[in-house]
Amino acid sequence: LLIAVICALPETFISVTAALEGTPSLGLGTLFGSNVADLTLIFALVVLVAKRSEIKAESKIVKNGLLYIIVLSVPILLGLNGYSSRIDGVLLISAGIIFYTFMLNRERTKGFLQRRHFSFKYFILFLVSLAVLLAAADFTVKNAVATAHSLNINPVLVGMFFIALGTTLPELFLSIKAVRENHEGLAIGDILGNVITDATIVIGIVAMISPFSFNQRIVYITGIFMVFAAIILFYLMRTGRVLTKKESFLLLFFYLLFILTEIMASNYFDYIGG
């Protein structure tokens with residue numbers, strides 16, 4: 001929960017900035033694109049660099065797979081009409097909060113929360129980091145739109161691939177370090193938590209700030225790929241409660257299929273003028 005929320009800050013700031021600057025579809029494409037990458041490419045890379053030939057998925061994570069997929073489907077269902085209203089934003093944020101509340105209540109144990117001394121130094125570093133992220137988000141959005149126009153491609157594709165891959169780096173590096181130190185639950189929890197945060201709370205915040213319309217292809221193609229990526233991932237983890245290196249290549253293949261589908265769909269609709 002905590003690490004996932006922090007790792008979600010880059011795409012959060014980019015999506016909010018994109019909405020405020022009038023290109024909300026760029027933010028939505030970034031969020032969905034990074035989620036597909038997290039559930040396939042990032043998981044595959046983490047498994048491939050692990051010391052062992054597999055990473056272990058805790059049974060409680062696998063058991064919550066159906067709930068995870070249901071919550072991940074909420075933004076798809078709400079986005080079928082191609083518009084995100086403030087009501088949709090409230091529903092998405094509520095779905096994210098309910099999911100995390102349910103998970104925390106199930107895992108609540110004595111001594112889970114411990115008193116910590118406040119550190120002024122780390123608080124200042126945190127504020128400085130947020131300022132850097134905000135500046136970087138503004139820079140990223142403006143240059144992404146400019147790059148898309150100069151290359152005559154849809155800005156959504158830039159967000160879906162280039163920006164999305166960049167925003168997945170925090171969870172990638174953290175998860176690699178975690179699995180190398182045998183904290184596989186931390187790695188899996190970080191990636192899965194980040195995906196839920198992006199799909200519910202972050203999109204909800206963007207809709208609350210500025211309701212927006214978007215091309216429904218983002219939902220019908222990218223969103224569907226996101227949900228199916230989660231289904232495949234949980235199915236693989238359910239087999240033996242592990243994710244093997246061989247199975248990671250299936251995740252890589254699925255991500256490549258996603259890229260090809262998005263490119264072909266974009267070219268087709270651009271050709272027919274849709």
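Q: Which helix holds Tyr255 and Phe258, and how many residues apart are they?
A: The model is predicted. Tyr255 and Phe258 both lie in helix H12, residues 245-272. They are three residues apart, about one turn of the helix.

Q: Are Tyr255 and Phe258 buried or exposed?
A: Both Tyr255 and Phe258 are buried.

Q: What describes a pair of aromatic rings?
A: Two quantities do: the distance of the centres and the angle of the planes. By the pairing rule, the count here comes to seven aromatic pairs. One of them joins Phe99 and Tyr100, with 5.5 Å centre to centre and 70 degrees between the planes. That pair is edge-to-face, because planes over 60 degrees apart count as such.

Q: How do the rings of Tyr255 and Phe258 pair?
A: Their centres are 5.9 Å apart and their planes stand at 40 degrees, so this pair is tilted.

Q: Are Phe99 and Tyr100 buried or exposed, and why?
A: Buried means under 20% relative accessible area. Phe99 has 7% relative accessibility, so Phe99 counts as buried. Tyr100 has 10%, so Tyr100 counts as buried too.

Q: Which residues form an aromatic cluster with Phe99 and Tyr100?
A: Tyr68 and Phe234 do; the four residues form one cluster.

Q: Which residues form a nonpolar patch on the surface?
A: Phe120, Ile124, Leu127, Val128 and Val132 form it. Together they have about 460 Å² of accessible area.

Q: Where is Val132 found, and is it buried or exposed?
A: Val132 is found in helix H7, residues 120-151. Its relative accessible area is 52%, so Val132 is exposed.

Technical notes:
Residues numbered from 1 in each chain as written. Predicted model: local features only at pLDDT ≥ 70, side-chain atom pairs only at ≥ 80, totals over all residues. Heavy atoms only, no water. Patch = residues over 30% accessible without salt bridge, like charges linked within 9 Å, V, L, I, M, F, W, Y side chains within 5 Å. Areas by Shrake-Rupley, 256 points an atom, 1.4 Å probe, with all protein chains shown as cover. Salt bridge = Lys/Arg side-chain N within 4 Å of Asp/Glu carboxyl O. Helix = DSSP H or I, 4+ residues; strand = E, 2+ residues; numbered from the N terminus. Buried < 20%, exposed > 50% of the residue type's maximum accessible area, 1.4 Å probe, protein only. Phe/Tyr/Trp six-rings, centres within 6.5 Å; stacked < 30°, edge-to-face > 60°.
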